[in-house]
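Good morning. I will take a few minutes to walk through one model, starting with how its chains meet and then turning to some packing inside them.

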Amino acid sequence: MGEWGGWSTTFEGGGVKLKQALIIGAGIAGISAALGLADRGVFVNLVDAEGTIGGRAKELSCKGVDECVRCDVCLAIDKLYEVGASERIRVFPNSTIRSISGEPGNFRVTLERNPGYVSEDCTACGACAEACPVPGGAIGPPGMGIPLTYAIDPNACLWMRGEDCRSCEEACPHGAIDLARGKSTKRLQVGVLVVATGFQPFDPSLEPRYSHDLIPGVITSLEAERMLNLDGRLLLPDGSPPGRVAFIQCVGSRDSWKGVEYCSKVCCKYSMAIALNLRALDPDADITFFYMDWRPYDLRGGDIGEWASRDPRLSIVRSRPAEVLASDSGKPVVRYVGAEEEIAEDEFDMVILSIGMGPPEGIGDMAEMLGLEMTPQGFLWTSVERPAMTSRPGVFASGCCTGPKDIEESAMEGVAAAGEAASFLEGSR
Amino acid sequence: MTLPPGSEPVTMSSSSRPARTRRPVVRGEREPTGRIGVFLCRCGGSVDGRLDIESVREKVSSMDGVEECMVMDFPCSMESRETIVNVIRENDLDRFVVAGCSPKAVEARFKSTAQESGLNPYMVEIANIREQCSLVHNLSEATSKAGLLVEAAVAKCSLLVPAPHHRGRVESEEVLVYGNGMSAVVATDELVSEGAKVHLVLPFSPHRLVFNYHDGIRPGHLEDMRDRITDSDLVRVHGHSSVERFEGEPGAFTALVRSSEGAEEIRCGAAIIAWEASEVPSPSLNGSLVVTQAELESIMDQGRVPDRTVMITLREEDTYCPERITHIEALRNAIRMKEMDPRVQVTIVARDVLAFGLSELDYREAMSRGVSFIRTEASPLITVGDTVKVRVKDLNLGEELSIETDLVVMSSWTQPYDTGHVAQVFGTPVDREGFFIPTQVKLKPTASIVEGVFLCGTGVESKTPSEVVLEARSAASRAKAMVSSKMEWGGAVAEVDPESCSACLTCIRSCPFNAPFIGETGKAEIEIGLCQGCGICVGLCPSRAIQLYCYTDGQLGAQIGALVGRVR
């Protein structure tokens with residue numbers, strides 16, 4: 001890592017393309033782009049608003065049952081280690097972009113680093129934790145986080161609570177801790193930018209008729225994934241396993257009332273994988289899918305019709321439910337138009353809303369700051385012919401900020417963005 | 001052991017330690033030797049506290065060969081790794097064990113720590129006492145399991161021998177693209193714009209390349225791209241040619257390219273197989289009343305549009321096997337018919353309309369222009385007379401419909417042709433239908449089973465043109481990155497003991513990666529640049545002549561022996 005000091009400050013500007021990149025967003029697309037650029041000898045600054053890298057995929061669960069179902073979640077997780085091992089990638093967690101100026105080949109970027117009590121000089125030596133007088137410690141390592149630096153828990157830290165304790169600051173042999181620092185800024189000069197800020201999962205409160213947060217047992221697919229990821233099981237709020245589960249597809253997709261006219265591509269695939277997990281956990285669970293068109297993006301994942309034909313406890317209903325109500329016992333009841341065009345009602349223990357993908361938060365401001373064109377759907381515009389090219393030279397985009405994608409496609413687009421960015425720097429484009 | 005020409009062994013002798021014997025004795029048992037260091041990780045409380053690390057230390061430090069055993073906070077941090085280097089140097093250790101978290105997370109770091117200390121990078125053994133012990137068991141179980149795992153690691157470590165570790169020079173930075181359509185053109189374009197030299201091998205003349213434009217790609221764009229690359233100084237087009245032989249290793253492949261004018265050997269650092277599948281004609285087609293989507297397009301190109309059209313997107317077989325592109329094609333053509341004459345009737349028969357992502361907008365437009373959709377599960381029955389009748393079971397109505405129409409448009413299905421010989425030449429497997437099988441390792445999109453050979457195009461899987469573009473650019477980008485990077489080989493690779501080898505060819509037949517070959521002495525040898533360390537040849541060799549570095553029988557035996565008690 002010793003090389004870092006030398007190259008980050010002493011570049012000459014003025015017409016020269018700086019062989020440095022800034023990647024905004026450290027999800028799977030951003031990481032793939034970072035690794036691709038680092039492979040080509042470009043130094044990469046990888047910025048993420050979160051405390052650790054990995055993006056949305058790190059919240060998702062492996063959906064393999066007896067064998068791999070190609071959900072690709074591991075693809076994202078394994079790449080984190082590669083970033084940690086790369087000496088050409090510098091990670092700025094908890095950071096956002098305050099301003100970008102300059103021109104393609106030589107952009108000047110100001111990062112805003114949120115509570116940066118611990119700087120990147122931290123080597124995780126542990127001296128601060130030893131010095132901390134709080135029982136259990138108010139400073140510690142963030143698990144398997146990358147980068148491996150210590151973080152302060154502001155709720156436990158005595159100094160933050162108004163007492164006069166700066167033991168960790170004094171103990172740190174590298175001067176990496178500054179309790180008074182708060183927000184800090186960092187200036188960078190880079191040749192290329194890659195925007196990879198991902199997506200925003202659909203907010204289920206915008207679809208109040210499905211009663212998310214109102215009826216216990218109505219959860220989003222993302223909540224189901226987190227539960228499977230952390231616990232390996234899907235449980236109701238009272239801790240019991242659900243016997244009857246419904247999936248409602250296209251929540252926040254294919255819905256012009258919500259301004260979402262596109263299909264989110266991944267929901268059929270992931271919800272079927274969650275359902276296969278449920279089936280493996282409980283061979284007797286009743287599972288019902290409410291859907292309009294079955295669109296498994298990765299066609300090798302299997303067909304719901306074929307599954308339903310051999311599993312009597314799986315029902316598929318081609319109908320978009322009108323609402324989710326509470327039964328007398330407080331369980332969710334799905335109301336929909338049945339096969340005979342009648343109004344049908346079915347009671348379940350758990351209703352999983354397969355939520356779609358929207359443009360990421362703040363993408364409009366980002367586009368304005370960088371002078372990028374957007375699509376009518378609110379994503380960044382990129383060329384069909386050159387998938388990572390935005391409307392501005394020197395600025396590339398990859399992943400879900402240009403439209404809904406699955407993990408594999410995001411990874412491929414990240415690699416493609418690295419190719420485009422590297423050849424821009426080398427002057428051949 | 002064969003080294004690729006131009007590669008050189010990485011020297012390990014930066015310390016004053018006497019050099020180890022040059023010829024590593026992989027085969028057979030070996031007396032436990034070495035001066036072992038053991039570094040146990042507290043992991044800031046996620047190991048220590050959840051298991052008794054002190055008692056693990058006591059247990060291990062008395063083992064044979066263990067010269068130094070210490071507990072550290074984060075051995076993986078930069079500072080601790082410097083400490084480890086110093087401990088190794090001061091105590092003249094020649095191998096070490098780290099007990100902490102998953103080798104996936106830390107192995108690479110400790111390999112470089114070993115190198116910094118002047119050791120072979122494979123003289124390290126990792127014991128996972130975090131994910132496999134402290135995070136999942138209670139205190140006493142975790143402590144005893146951690147003790148066993150570390151003991152087993154020490155037992156294996158004492159038998160480690162320096163594994164081969166070579167850095168190869170890339171012999172050729174040129175890339176071979178072997179293809180028959182769109183993805184070959186796009187991959188070549190990407191390589192050229194990244195500054196790579198390309199050999200584009202095509203089975204026909206480049207002017208016979210045809211393209212599909214159903215996915216928002218500007219018509220004419222691919223023809224322009226084709227003309228640009230064929231004119232480029234960086235590209236050599238081998239038209240009417242095929243690759244007859246392909247051998248070597250990443251960075252130094254040799255391909256024999258044969259055309260009608262003769263054969264030529266080409267050196268390349270990487271290769272891309274960019275094969276497109278082609279249409280399988282439907283049995284009902286008759287050229288006038290029952291046509292393909294492509295034929296419909298040429299009818300529309302002449303300015304004609306039939307009054308009544310039924311498009312069928314289901315396959316005339318029982319299996320439900322949708323292809324994304326067929327639905328997008330049908331939607332685009334239906335919209336175009338309605339644009340030409342809003343009065344015409346267009347019906348699309350499908351089970352599900354596969355309008356992924358932004359293609360949903362086409363679906364909406366088709367519906368708003370009055371295209372009707374019939375949902376069915378079985379392929380409709382087509383009767384041809386003066387007009388055509390289509391009998392179809394409508395799932396929504398629950399009734400059988402009989403539709404009279406002027407034209408039936410069948411979606412065509414794709415299947416790669418002629419991939420068998422490509423598969424054989426490159427050693428990349430194809431499935432029953434002829435589609436190339438990408439590597440099982442999902443961590444590498446576009447990678448084939450052969451290191452240095454990449455796959456893209458509809459010959460791998462049916463996909464839309466914009467997906468083909470993305471995949472081809474991604475494959476090209478990876479190939480270019482590979483030939484511009486430093487390549488390293490070694491570690492867990494197989495080695496043949498020539499004295500035991502009976503040249504029975506079992507290893508050559510069983511290796512999925514084409515790594516073994518018969519060398520000049522008439523015995524099997526392994527190309528280490530191709531060996532992936534899978535161990536298949538080791539298990540199958542009837543003479544037990546092959547061993548895998550880092551996982552020899554002796555090492556594994558010692559490891560298992562420490563876990564379950566050695567039977568002597």
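How many residues does the contact take from chain A, and how many from chain B? It takes 50 residues from chain A and 47 residues from chain B. Please keep in mind that this is a predicted model.

On the side of chain A that touches chain B, helices H2 (28-39), H3 (73-85), H8 (304-310) and H10 (407-425) of chain A each supply at least two residues. The largest share comes from H10(A), with 10 residues. Sorted by class, this side of chain A has 24 nonpolar, nine polar and 17 charged residues.

Now to a sheet in chain A. Five strands form an open sheet in the order S11-S18-S12-S13-S14 (chain A), and the pairing is parallel. Strands S11 (218-220) and S14 (314-318) of chain A stand at the edges with a single partner strand each, so one side of each has no neighbour in the sheet. On average, and ignoring direction, neighbouring strands of this sheet are turned by 20° against each other.

Take one pair from that sheet. Strand S12 (residues 244-251) of chain A and strand S18 (residues 350-355) of chain A pair in the parallel sense over five bridges. In this pair, Ala246(A) stands opposite Val351(A) in S18(A).

Which strands does H6(A) touch where it packs on the sheet? H6(A) touches S11 and S18 of chain A, and its direction makes about 110° with that of S18(A). H7(A) lies across S12, S13 (286-291) and S18 of chain A, running at about 170° to S12(A).

These helices also pack on each other. H6 (residues 221-231) and H7 (residues 267-281) of chain A pack at an angle of about 45°, with their axes 11 Å apart. The two are therefore oblique to each other, and their crossing is left-handed. Ser221(A), Ala224(A) and Leu228(A) in H6(A) meet Tyr270(A), Ser271(A), Ile274(A) and Asn277(A) in H7(A). That contact divides into four nonpolar, three polar and no charged residues.

Last, a helix pair in chain B. Helix H6 (residues 182-193) and helix H12 (residues 465-484) of chain B pack at an angle of about 45°, with axes 8 Å apart. That makes H6(B) oblique to H12(B). Here H6(B) passes H12(B) in a right-handed crossing. The residues of this contact divide into 10 nonpolar, two polar and four charged. Among those from H6(B) are Met182(B), Val186(B) and Glu190(B), while H12(B) contributes residues including Val468(B), Arg473(B) and Lys480(B).

Technical notes. Residues numbered from 1 in each chain as written. Chains lettered and ligands numbered in written order. Predicted model: local features only at pLDDT ≥ 70, side-chain atom pairs only at ≥ 80, totals over all residues. Axes fitted to C-alpha atoms, helices over the stretch in contact; angles between N-to-C directions. Helix = DSSP H or I, 4+ residues; strand = E, 2+ residues; numbered from the N terminus. Parallel < 35°, antiparallel > 145°, perpendicular 65-115°, else oblique. Left-handed = near helix turned anticlockwise from the far one by under 90°. Contact = placed C-beta atoms within 7 Å. Nonpolar A, V, L, I, M, F, W, Y, C, P; charged D, E, K, R; others polar. Pairing = 2+ DSSP bridges.
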